[in-house]
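Dear colleague,

I am handing over the structure below, and I would be grateful if you could look through it before reading the notes that follow.

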Amino acid sequence: MRILLTASEVFPLAKTGGLADAVAGLAAALAELGHEVRVAVPAYPGVVERSGALRRLGAITAAGQPFEIYAGRVAGLPPLWLFANAALFERPGDLYHDEHGQPFADNALRFGSFCQALAQACASPPEAAFQPQLVHANDWQTALTLPWLQTLTPTVARVYTIHNLAYQGVFPAAVAHELGLPATWWHAGGVEFYGQLSFMKAGIVHAQRLTTVSPTYAREILTPACGHGLDGLLRTRAAVLSGILNGIDEATWNPATDPHLRRRYRAHDITEGKRSNRRALQHELGLAAGDAPFLIGSVTRLAYQKGMDLLVAAMPELMQMPVQIALLGAGDRSLAEEFTALCGRWHGRFAFHYGYSEDLAHRIEAGADGFLMPSRYEPCGLNQIYSQRYGTVPIVRRIGGLADTVVDADGATLAAGTATGIHFLDADPGGLLYGVRRALELRSDASIWVQLQRNGMHRDFSWRAAAQRYLAVYAQALAAAV
Ligand code: ADP
Ligand code: GLC
């Protein structure tokens with residue numbers, strides 16, 4: 001099958017979160033299964049630098065914006081289509097925000113014109129040898145590709161994946177005009193959402209098949225509590241919606257080969273491996289040295305979704321327990337200030353590093369005993385999966401992908417040898433504290449704890465199985481397209 005995957009980020013070229021990992025993992029796995037794959041992304045500065053010698057494929061103007069299209073290569077990924085427009089994509093800040101953390105005022109134009117350019121490229125492919133049979137768009141930034149495809153080249157099948165329903169790409173109605181969207185799209189069954197333009201809605205309405213990144217999240221988004229205003233629409237599309245768990249990059253996240261670690265380890269020498277990496281981490285972050293405290297790690301965007309404010313609220317009681325905390329995060333500045341203050345207050349027991357650091361993320365996974373994810377909602381989540389590979393026991397809320405990827409330790413799962421972590425239910429400090437207390441109790445029995453660690457390390461989280469599920473969805477979309 002000739003598959004074009006499109007997204008606003010792909011690892012290792014451009015990443016702000018799990019979307020980049022998921023797109024890269026799926027693209028590589030599809031190619032390994034023998035399919036012809038291209039990945040289309042905007043040519044951000046980092047992308048051009050890291051994708052080797054570029055070959056110019058052509059030029060396209062969309063929504064008044066000129067794009068040059070280049071073919072690029074990067075190790076581990078199928079060939080790339082890079083859409084270059086310096087005015088739109090070569091800017092300081094991250095992919096979506098300026099240096100002050102404000103969303104770029106023209107994000108609708110940046111991604112809307114990219115979507116249109118992409119659909120035009122599918123209608124008259126810049127690579128003669130690659131006429132896409134199917135386009136798989138991801139999240140709001142690339143959702144508008146789908147109505148454009150339906151208009152310009154309806155025989156190309158359309159699949160849309162929701163990685164996070166909370167970010168919808170909703171803009172004032174005038175933006176639809178600015179983007180030159182056909183007036184016929186502007187109705188409640190199209191791209192209009194309560195008088196505004198919704199990219200996310202365009203994807204949901206115009207795909208032949210919809211997926212999201214875990215079976216539980218696929219059910220949750222059909223409810224008013226988790227539907228972010230789109231649950232009604234999603235219920236009308238429930239028959240074509242499925243949840244497919246993300247895999248992980250098992251080469252990058254492997255404690256037996258990880259170059260970032262003080263000591264590499266496998267399931268058989270987990271206890272020594274952990275001890276050595278925990279000491280190194282304590283030293284690096286200024287935590288008191290010692291084996292006794294239970295070291296809880298967390299690596300996260302600082303955003304409402306991730307529930308890290310619950311950690312702030314739980315701190316007084318947490319610090320009554322024999323625990324240390326190592327936190328790496330970037331995002332919400334006021335939350336970051338609270339964590340910085342906590343660092344001063346609990347020096348030696350609470351360490352916070354503000355910023356984005358792949359290296360430190362690996363060392364926290366390896367050095368921590370437990371890994372905390374108190375997310376309010378979590379479509380899939382990757383760190384709890386990395387944790388299991390590193391023998392780091394995840395302590396997670398029982399929702400979304402966290403519920404689907406972590407097996408709660410209870411009498412039955414411990415007896416069956418399947419338990420890998422701890423669930424808690426309530427999105428409040430009490431819930432979080434309950435999870436940590438259960439972890440401490442389980443850890444007090446060394447043989448149970450090692451069993452939990454090893455059960456996690458032995459699980460299969462490869463992309464291969466997920467890619468096969470996507471292929472089944474692609475086949476359905478192709479059948480619906482002709
Ligand atoms: P989300 O995409 O919602 O942020 P995921 O768990 O799916 O959540 O993916 C997050 C990814 O981003 C993981 O690969 C995680 O290691 C990484 N990540 C998040 N914050 C940081 C950070 N501050 N430093 C390094 N890596 C981070
Ligand atoms: C989103 C979600 C996260 C998921 C990731 C990749 O960023 O917040 O839960 O793992 O997408 O699908």
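A polar contact here is a pair of N or O atoms within 3.5 Å; within protein, one of them must be able to donate a hydrogen and the other to accept it, and residues adjacent in sequence count only if both atoms are side-chain atoms. The model is predicted, so local features need pLDDT of at least 70 and side-chain atom pairs count only at pLDDT 80 or more, while totals for chains, interfaces and linings use all residues. Residues are numbered from 1 along each chain as its sequence is written, chains are lettered from A and ligands numbered from 1 in the order in which they are written, and side-chain values use heavy atoms, with hydrogens and water left out.

For ligand 1, an oxygen atom is 2.7 Å from an N or O atom in the side chain of Arg301, and an oxygen atom is 2.8 Å from an N or O atom in the side chain of Lys306. The protein covers 93% of the 560 Å² of accessible area that ligand 1 has on its own (Shrake-Rupley method, 1.4 Å probe; for residues, only the protein chains shown count as cover). Ligand 1 lies between domain 1 (2–247 + 463–481) and domain 2 (267–457), because both give residues to its shell (the bounds come from an automatic or database domain assignment).

Ligand 2 likewise lies between domain 1 and domain 2, since both contribute to the shell around it. An oxygen atom of ligand 2 is 2.5 Å from an N or O atom in the side chain of Glu378, and a backbone N or O atom of Gly381 lies 2.8 Å from an oxygen atom of ligand 2.
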